[in-house]
Each structure stands twice: as C-alpha cells, then as structure tokens.
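Please work through the exercises below with the sequence and the model in view, trying each task before reading its solution.

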Amino acid sequence: MKLFTFPRIINYFKLLYGYLISRLLRRTLHYGMPAAVSIEPTNRCNLHCHECPGGMKKLSRDAGFMNLDQFRSIIDQLSPELAWITLYFQGEPFMNPGFFDFISYAKSRNIFVSSSTNGHFLDKDSAKATVESGLNRLIISVDGIDQQAYEAYRVGGSLLKVIEGIKTLADEKKSAGRSTPEIIIQFLVLKSNQHQIKDIRRKGIEWGGDKVGIKTAQFTDFSHGNPLMPSTEKYSRYRIQDAGWKIKNILPNHCFRMWAGCVITWDGKIVPCCFDKDAQHPFGEIKTRSFRETWNSSEYKDFRQRILNGREKIDICKNCTEGMGLSRWF
C-alpha cells in the first residue's frame with residue numbers, strides 16, 4: 001500500500017510548517033488538507049457503557065447512520081492528501097450496514113483504515129468480511145478477564161462472546177493468509193479491573209490479539225471523583241488535589257490536531273476532535289458546502305486562534321490528554 005505518497009508527504013509538511021509558525025507567532029497560519037480524520041459510521045451502540053454518552057443515551061444530537069454516498073463524497077474531497085482514517089467516533093461501527101463498503105472504498109484510495117469495536121458483532125461472516133475489506137487495524141475493547149470485571153463497565157456485554165469473536169477473526173486472518181487487520185486488544189483500566197492488567201497482557205495474545213494496549217479511562221465529571229476511577233495513579237488520568245480531582249495533563253496553548261485533522265459525524269458535521277462528543281463546535285456540514293471551504297473557513301481559523309490564546313478556556317479541551325501538541329498520527 002502506497003501510504004506515503006509524494007502529495008501526502010508534501011501536505012504533511014505544509015501542516016507541520018503552519019502549526020509550528022502559528023505556535024511561534026501566536027497567530028493562526030494554516031496550510032494543507034487533513035492528514036488524518038475520524039469518520040463516524042454511526043453513533044448508535046448495542047451496549048450501555050458507563051461514561052459513554054452514546055451508550056448511556058446522553059448525546060443531545062440525533063442518532064443515525066452515515067450512508068455510502070456521503071462517505072464517498074468525503075473521501076473524494078479529501079483525496080489524495082488524506083493518509084489515515086479512523087472509522088469510529090461514538091457508537092459501534094459494525095452496526096452500520098455499509099461498514100465494509102466504507103473500508104473497501106477508502107482502501108481503493110490507498111488510505112490506512114483503522115476502527116474500534118466492542119467485539120459483539122464478530123461472527124464468522126463479519127470476521128471474513130473484515131479481513132476481505134482490507135481493514136488495517138481493529139481495536140477491540142476488552143475491559144476485564146472475567147464477566148464480573150468486564151460488565152462493571154461494559155453494561156449489557158458478554159465477555160465470552162467477545163473472546164469468541166477475537167478468536168474467529170484471528171482464525172479468518174490465518175485462513176486467508178493475511179496479516180491484517182492488526183488486532184489490538186484494548187484494556188481500559190478501572191478500579192474494577194486494575195488487578196488484571198498483568199493477566200490481560202497474556203490472555204489478549206492467547207485469544208488471538210497481535211498487541212495489547214493499556215488505556216486510561218476518561219470521566220466526564222472527574223472533579224468529584226468516580227467509583228470506577230483506578231486507585232493506582234499510574235493508570236489514572238487524574239489525581240486528587242485540595243480542591244478536588246484534577247487532570248494530570250498540562251494543557252499547553254497549542255494542539256497539532258487542530259491543524260492536521262478533524263472528526264466528521266455520521267450526518268456530516270465537521271467538528272474539531274474526538275473530545276467534542278456532542279458536536280457542540282460544528283464548523284460546517286458536508287451537505288451544505290465543500291470540505292475545503294469549511295477547513296479554511298473563518299470559523300475554523302477563529303477556533304484555532306482560541307487554542308493559541310488559551311486552551312484551558314475551551315470546554316472540550318479541559319479533559320484532553322493531548323499534552324504534547326504534536327500527535328502521533330503515523
């Protein structure tokens with residue numbers, strides 16, 4: 001797969017140049033098109049996970065599914081500079097009937113495609129379709145090595161079904177003689193499962209995972225604490241202080257994500273990043289104007305300038321873990 005094409009390399013350096021000069025001058029300068037985007041196939045989900053606004057039905061925006069025509073329009077507008085797509089935002093992407101067609105279309109443009117799932121839809125047919133679609137990477141959430149620990153967060157989920165799905169996908173890869181998708185078992189560390197970190201590293205590989213990733217949990221109302229917060233500070237995004245819980249991350253007045261990528265919701269809204277779960281900061285819609293117009297709009301420029309002026313004043317940034325500015329896109 002020709003991921004690093006000449007137009008993409010040039011585009012990335014344009015983005016990086018604009019970002020670094022903006023940091024230096026404290027004034028928004030922006031060049032190029034997105035190098036990476038997240039696209040939301042759906043914001044509906046079959047589970048009811050704690051702290052997930054989609055699963056807990058707390059999203060104020062409508063629920064629905066992106067259609068294939070709209071997805072193609074997005075890809076057509078962002079090619080050939082776009083190198084990476086994450087087919088996930090809120091919801092369970094495998095619930096979208098056109099999910100595998102999305103992947104295949106993006107792969108036809110030599111784009112790296114990653115997605116994330118709770119694993120409940122990985123039966124033999126969907127596992128085969130996943131492998132045949134050309135998906136590069138699939139993150140599968142497994143937040144416990146027994147049902148009790150697992151369902152403490154994944155309400156309505158079955159650990160046994162997820163494990164069977166992982167094994168089925170791994171078997172389909174082997175049968176097809178394929179190395180993709182890379183299967184990453186993601187373990188969200190909570191108080192209910194923090195004692196299982198060592199075991200998940202071993203079991204995730206035994207089940208068929210290529211890698212096991214340990215992830216800290218995000219909590220919406222973290223200032224008052226939460227019973228699910230891990231007691232081991234190493235695996236927590238937060239620490240207790242005199243005035244309550246605070247995020248450990250420092251919020252510098254810059255963020256490479258605002259220069260290099262964005263999120264597109266199932267109904268075509270363009271929002272700054274994955275922390276804007278309710279799409280409270282839409283810059284435009286694919287249906288009403290071109291992506292390029294929105295990407296270079298005064299609304300987007302003003303938001304980037306707000307990042308440079310004082311990121312801690314922006315609501316969606318207050319719970320952000322992107323502390324280094326330069327994100328690891330590739």
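**Exercise 1. Describe how α4 and α6 pack against each other.**

Begin with the axes, which are lines fitted to C-alpha atoms, for helices over the stretch in contact, with angles running from 0 to 180 degrees between N-to-C directions: those of α4 and helix α6 (residues 159-176) come within 9 Å and cross at roughly 50°. That makes α4 oblique to α6, given that angles under 35 degrees count as roughly parallel, over 145 as roughly antiparallel, 65 to 115 as roughly perpendicular and the rest as oblique.

Next, look for contacts, meaning heavy atoms within 4.5 Å: Lys 124, Ala 127, Lys 128, Thr 130 and Val 131 in α4 meet Thr 168, Leu 169, Glu 172, Lys 173 and Ala 176 in α6. The residues of this contact comprise four nonpolar, two polar and four charged, where Ala, Val, Leu, Ile, Met, Phe, Trp, Tyr, Cys and Pro count as nonpolar, Asp, Glu, Lys and Arg as charged, and the others, Gly among them, as polar.

The model is predicted, so local features need pLDDT of at least 70 and side-chain atom pairs count only at pLDDT 80 or more, while totals for chains, interfaces and linings use all residues. Residues are numbered from 1 along each chain as its sequence is written, and side-chain values use heavy atoms, with hydrogens and water left out.

**Exercise 2. Locate Asn 136 and decide whether it is buried or exposed.**

Asn 136 sits in the loop between α4 (124-133) and β4 (137-141), helices (H or I, at least four residues) and strands (E, at least two) being DSSP runs numbered from the N terminus. Its relative accessibility is 11%, so Asn 136 counts as buried; buried means under 20% relative accessible area, exposed over 50%, and partly exposed in between (1.4 Å probe, protein chains only).

**Exercise 3. Find the side-chain partner of Asn 46.**

Asn 46 lies in the loop between β1 (36-39) and α2 (68-78), and its side chain makes a polar contact of 2.9 Å with that of Asn 118.

Note on methods
A polar contact is a pair of N or O atoms within 3.5 Å; within protein, one must be able to donate a hydrogen and the other to accept it, and residues adjacent in sequence count only if both atoms are side-chain atoms.
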